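Trainee: I have a model open and want to learn to read it. Can we take it one feature at a time?

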Amino acid sequence: MKLAADQFMVALNVNSRKGVWDAEEKRLTQIELRLKGIALEAIKPYFESIRKFGAEIKKSPTVDNYVGEAKTGFHQNIRGLNAALDRSLEPAWIAWKDIHWKPLAQDGYKPKKDGDVVAKVDKVLEVLEELKKQTGL
């Protein structure tokens, strides 16, 4: 038991584990930087696609057009940008997004009737411009 305790103390010694911790920290930092790069590359196209879909929907303002398909369309692009902002790992962007953008990405924000569509689209586009200023993208 004494031998096991001695071995355990050596394993816990800062000098014994420093190399392992340093290597793991470096590996995780590289992963985070890669994911951040992917997120930043994904964010910029969302600005354009959300504006494009918004303009199209305002020409034919229906709930169905706002909601779009299961994986494409205006609302899905709003949700996609929300997720990309989370993956950006930028604390200020994420904090701002949680207050201003995330509510627009929730299913509860989608319009209930056609008469609500234009106002909802305008709000999304307004917040999108604020987001652009916040991120500098």
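Trainee: Where is Lys97 placed?

Mentor: Lys97 sits in helix α5, which covers residues 91-100. Keep in mind that this is a predicted model.

Trainee: Is Lys97 buried or exposed?

Mentor: Go by relative accessible area; under 20% is called buried. Lys97 has 1%, so Lys97 is buried.

Trainee: Which residues touch Lys97, leaving aside its neighbours within four places in sequence?

Mentor: Asn82, Leu85, Asp86, Lys102 and Pro103 are in contact with Lys97.

Trainee: Now helix α4. How many residues does helix α4 have, and what does it reach from first C-alpha to last?

Mentor: Compare the span with the expected one, at 1.5 Å a residue. Helix α4, residues 74-87, has 14 residues and reaches 20 Å, close to the 20 Å expected.

Trainee: Which residues of α4 are buried?

Mentor: The buried ones are Phe74, His75, Asn77, Ile78, Gly80, Leu81, Asn82, Ala84 and Leu85. Check the backbone beyond the helix end too: just after α4, Leu89 has a positive phi of about 60 degrees.

Trainee: What is Leu131 in contact with, apart from neighbours within four places in sequence?

Mentor: Leu131 belongs to helix α7, residues 117-135. Its relative accessible area is 0%, so Leu131 is buried. Its contacts are Phe47, Leu81, Leu85, Trp96 and Trp101. Leu81 and Leu85 are buried residues of α4. Leu85 is also in contact with Lys97.

Conventions:
Residues are numbered from 1 along each chain as its sequence is written. This is a predicted model: local features need pLDDT of at least 70, side-chain atom pairs count only at pLDDT 80 or more; totals for chains, interfaces and linings use all residues. Side-chain values use heavy atoms; hydrogens and water are left out. Helices (H or I, at least four residues) and strands (E, at least two) are DSSP runs, numbered from the N terminus. Buried means under 20% relative accessible area, exposed over 50%, partly exposed in between (1.4 Å probe, protein chains only). Contact means heavy atoms within 4.5 Å. The expected span of a helix is 1.5 Å times one less than its number of residues.
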